[in-house]
Amino acid sequence: MSVQAVMAELPAIDWITDPALVRQRSRDFFWYSPVLKRQLNGVTAEAVACPRDEAEVIAIMAACVKHQVPLTPRGAGTGNYGQAMPLKGGVVLDLMGLNRVIWTKPGVVRAQAGIKLIDLDAITRREVRGELRFHPSTKRTASLGGFIAGGSSGIGSCTYGKLREPGNILGLRVVTMEAEPRVLELRGAEIDKANHAYGTNGIITELEMPLAPAWDWIDVLSEFPDTISAARFSEALVSSDGIVKKMAGVVAPGVAQRYFKPFLGILVPGTATSLAMVAEPFLELLPPLLARFGGRQIHAAPTEAAETPLYEFTWNHTTLQALKVDRGLTYLQTLFPAPHHFELVAKMDALFGDEVMQHLEFVRLNGVVSCFGLQLVRFTTEERLAEIIRIHEEAGAPIFNPHAFTLEEGGMKRIDSEQLDFKRIADPHGLLNPGKMIAWDDPDWTPERKRGFYLYGRADAP
Ligand code: FAD
């Protein structure tokens with residue numbers, strides 16, 4: 001492997017080689033997890049390639065195959081699990097230069113992978129009065145390709161579900177990592193081959209996305225006597241199909257009061273807080289719904305006008321706001337399955353108290369209103385973190401482990417054979433983002449059998 005040989009072959013590409021800059025672009029938000037921080041802190045590439053168009057992407061991929069150099073794609077680097085970190089060095093492929101909208105039409109947009117989500121929404125709003133159905137809370141920084149390759153759901157998922165649900169992505173243009181790279185268009189069920197695959201089996205250069213109507217959104221904060229009342233309100237809001245909304249989250253008493261600095265003046269101690277986004281014409285329907293659950297609106301303002309939009313206090317931004325105040329925190333990602341979701345939340349609350357602070361987001365999963373936890377955890381030791389995870393799972397609340405960097409351990413804890421089969425075709429040398437798909441190295445992996453990190457030469461599995 002020789003990165004130098006790749007660079008020598010492609011002098012017209014914009015290369016970054018300054019070690020400090022390369023290290024910076026070799027990192028993401030992995031440090032949210034103390035486990036990943038310990039494991040990945042030293043990871044860096046040798047160079048960063050910044051292509052300006054698909055032809056340059058293809059040239060870089062072909063040269064990396066020729067010289068057997070690992071290539072790790074990167075959007076804005078806001079992923080939380082070290083997804084965009086080059087475990088085996090080599091080259092980082094920074095796709096932010098591919099930032100054009102190809103076309104828009106009512107209800108649909110086709111754009112390049114590196115476009116920022118906020119720029120994309122501004123263009124589709126202007127041209128076709130549409131916006132992405134849902135976006136991560138990192139909308140102001142993240143890229144479209146990075147969201148599809150590394151994210152899952154977010155603001156708008158209370159209406160439209162997750163990226164994995166059919167219809168939420170219409171097309172992916174993917175370049176294969178072969179001596180002569182091919183350009184493939186994945187549509188329909190084929191999209192799952194590269195959707196949320198961390199860029200391990202192809203580089204996405206263009207995406208076709210469905211749009212939702214663009215409303216004037218209002219940020220709404222409300223207070224409740226306790227977490228479960230706020231959660232019941234959020235569930236009712238998401239179930240109210242006539243009310244157009246984009247977000248319904250809840251934090252336990254004390255969370256907003258400690259960590260949501262801009263709102264400290266209006267938050268009453270000891271109350272739980274709900275965070276919602278509602279389309280302006282429907283705002284008047286909230287007070288009676290709030291009253292049903294003992295709630296009261298304490299803030300309402302246009303999302304567009306806010307210095308910090310309310311969505312930057314939800315999803316994984318809740319964790320970020322808390323980390324700004326207390327670096328000793330980390331988080332979980334939990335499904336509280338219906339119909340016993342509120343019982344489970346209350347049980348975990350009683351068991352862990354202030355060690356695991358409730359933060360819930362309500363989404364529609366395959367048509368069913370569901371409750372996700374992104375709880376804040378007071379970190380003490382890795383052993384205790386593992387124990388907290390085990391206790392949740394044994395109680396019936398599966399954890400999508402944010403303290404693991406492999407696709408399998410962080411996700412469904414099983415091999416995705418469709419993505420593995422596609423990798424065999426699209427990356428036969430195993431050079432794309434190596435180390436992130438356990439199944440590539442160990443097709444018989446099971447969660448009980450081995451941990452991903454063990455495979456990469458370090459025995460200190462999380
Ligand atoms: P990156 O982090 O750069 O990359 C993500 C993954 O995609 C990596 O594996 C990378 O190798 C791969 N990749 C990037 N571009 C391509 C490409 N063109 N082709 C193939 N592979 C590619 N996620 C959510 O889903 N919902 C949320 O609400 C959410 N909130 C967040 C809040 C905070 C504060 C933070 C730090 C993270 C949050 N995330 C969330 C995670 C992350 O921000 C999103 O998933 C985001 O969309 C990632 O985009 P990015 O451009 O930063 O991708």
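## Surroundings of the ligand

Helix H6 gives the most to the shell around the ligand, with 5 residues; helices here are DSSP runs of H or I with at least four residues, strands are runs of E with at least two, and both are numbered from the N terminus. This is a predicted model, in which local features need pLDDT of at least 70 and side-chain atom pairs count only at pLDDT 80 or more, while totals for chains, interfaces and linings use all residues. Residues are numbered from 1 along each chain as its sequence is written.

There are 38 residues around the ligand, and Gly75, Gly146, Gly150, Gly151 and Gly199 come nearest; a residue is near a molecule or strand if its C-beta atom, placed from the backbone, lies within 6 Å of it. S3, helix H6 (144-150), strand S10 (203-213) and helix H11 (315-325) are the elements that give two or more residues to this shell. By class, the shell has 21 polar, 15 nonpolar and 2 charged residues. In this classification Ala, Val, Leu, Ile, Met, Phe, Trp, Tyr, Cys and Pro count as nonpolar, Asp, Glu, Lys and Arg as charged, and the others, Gly among them, as polar.

S1 runs antiparallel to strand S2 (residues 47-50), joined to it by 3 bridges, and Trp15 has Ala49 in S2 as its bridge partner. S3 pairs with strand S4 (residues 91-94) in the parallel sense over 4 bridges, where Arg74 is partnered by Asp94 in S4. From S3, Leu71 and Pro73 point one way and Thr72 and Arg74 the other, and all are buried; buried denotes 20 or more other C-beta atoms within 10 Å of a residue's own, exposed 12 or fewer, and partly exposed a count in between, with C-beta atoms placed from the backbone.

A second open sheet is antiparallel and has 7 strands in the order S14-S11-S13-S12-S18-S19-S16. Its edge strands, strand S14 (296-302) and strand S16 (334-336), each pair on one side only. S16 is antiparallel to strand S19 (residues 368-373) over 3 bridges, and Leu335 has Phe372 in S19 as its bridge partner.

H8 packs on this sheet, touching strand S11 (217-224), strand S12 (245-251), strand S13 (272-279), strand S18 (359-365) and S19; contact requires C-beta atoms, placed from the backbone, within 7 Å. The direction of H8 makes about 170 degrees with that of S12. Of the 13 residues of H8, 10 are buried, including Phe233 and Leu237.

A cis peptide bond, with omega of about 5 degrees, joins Ala338 and Pro339. Pro339 lies in the loop between S16 and helix H12 (341-352).

Which value does phi of Gln68 take? Phi is near 55 degrees, a positive value in a residue other than glycine. Gln68 belongs to the loop between helix H4 (54-66) and S3, and counts as partly exposed because it has 14 C-beta neighbours inside 10 Å. Trp315, in helix H11, has a positive phi near 45 degrees. Trp315 is buried, with 25 other C-beta atoms within 10 Å.

Technical notes: Pairing = 2+ DSSP bridges. Contact = placed C-beta atoms within 7 Å. Axes fitted to C-alpha atoms, helices over the stretch in contact; angles between N-to-C directions.
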